Amino acid sequence: MVVALLALLALAEPCRGSGRGLYLPPGYNHELRPLNGVDDEPTLVNISLLITSFGPVNELSMEATTELYFRNHWTDLRLKDLWEHLRVRWGFPEDFDEKIFLSADYHHLIWKPDTFFPDATQVSRPLIDKDDSVFLSLDSEGRLILSARVILKTHCPMNNEYFPFDHQRCPVCISQYKYSDTWQVMEWLWRRTRAARISPSIHTLNYVVDTERSLAKLCSRVGTHGYPTLCINVFFSRRIWQYILNVHVPSFMLVALSFINFWID
């Protein structure tokens with residue numbers, strides 16, 4: 001009787017430690033990076049992002065606020081069985097070959113790239129509820145996309161020598177924390193021209209973002225300790241006429257009025 005009960009419990013538990021009865025392929029370990037059949041090659045992680053908002057810029061602390069959609073793309077062949085299991089469970093036909101969006105609970109159960117923003121002084125995620133922080137998709141080939149809406153406050157070194165005719169550059173960089181390039185390689189998405197995008201609707205009160213120049217300056221480098229870093233430099237300049245009308249013209253008028261006393265005498 002006890003043996004039969006234990007057997008039923010084992011059948012009812014699709015994956016030990018998965019929580020809430022979520023299915024994971026047998027033997028799956030989220031602490032091990034996906035090898036995808038090649039033991040001596042690093043795991044490839046592609047990065048893409050969409051900047052939807054830029055500013056405000058704090059010139060005293062030299063910090064800029066950027067809102068973006070940040071996406072990690074990678075392949076984990078171990079999860080092909082998960083896609084097939086969900087296809088059958090949800091009643092999709094055999095010729096179904098589209099992405100399946102995984103619930104928020106899977107976010108903590110699978111291996112994910114350890115990407116972070118090294119220049120960020122503050123990172124936050126605006127949420128409607130707790131399940132809206134990220135979305136995770138999986139296709140039949142084991143390709144995953146992890147997307148998150150992120151608000152960054154990053155260090156933005158500024159040179160105001162030519163104020164108000166100055167041009168500034170604010171970098172937004174992505175790096176990886178745990179794995180060096182021996183174990184994990186991070187690159188811009190293969191469609192490099194669309195790996196990073198800036199929304200054409202971006203509007204700031206005091207600055208003009210140079211979208212074309214910013215997207216032309218995508219860069220990637222490997223640090224001294226073998227940790228790859230990807231950067232997009234947001235180039236922006238001041239709205240000159242705003243400073244001329246609000247600062248220079250009133251100052252000129254004030255000086256001109258101060259000379260009226262000499263002319264009256």
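## Pockets and cysteines: a tour

Start with strand 1 (43–58), strand 2 (63–75), strand 6 (134–138) and strand 7 (143–155), each of which supplies at least two residues of the lining of the largest pocket. Strands are DSSP runs of E of at least two residues, numbered from the N terminus. A pocket is an open set of points on a 1 Å grid over the protein atoms alone where a 1.4 Å probe fits, with protein on both sides within 12 Å along at least five of seven lines; lining residues have an atom within 4 Å of a point.

This is a predicted model, where local features need pLDDT of at least 70 and side-chain atom pairs pLDDT 80 or more, while totals for chains, interfaces and linings use all residues. Residues are numbered from 1 along each chain as its sequence is written, and side-chain values use heavy atoms, without hydrogens and water.

Next select Asn46, His73, Arg143, Ile145 and Leu189, which lie nearest the centre of the largest pocket among its 33 lining residues. Strand 1 gives the largest share of that lining, 6 residues.

Move to Phe70, Asn72, Thr115, Arg125 and Ala148, nearest the centre of the second largest pocket. Here the largest share of the lining, 4 residues, comes from strand 7.

Now select Cys173 and Cys231, which form a disulfide (cysteine sulfur atoms within 2.5 Å) with the sulfur atoms 2.0 Å apart. Cys173 is in strand 8 (residues 167–176) and Cys231 in strand 13 (residues 228–238), 58 residues apart. The S-S torsion is about 105°, so the disulfide is right-handed.

Finish at Cys219: its sulfur is 4.4 Å from that of Cys231, the closest cysteine sulfur, too far for a bond.
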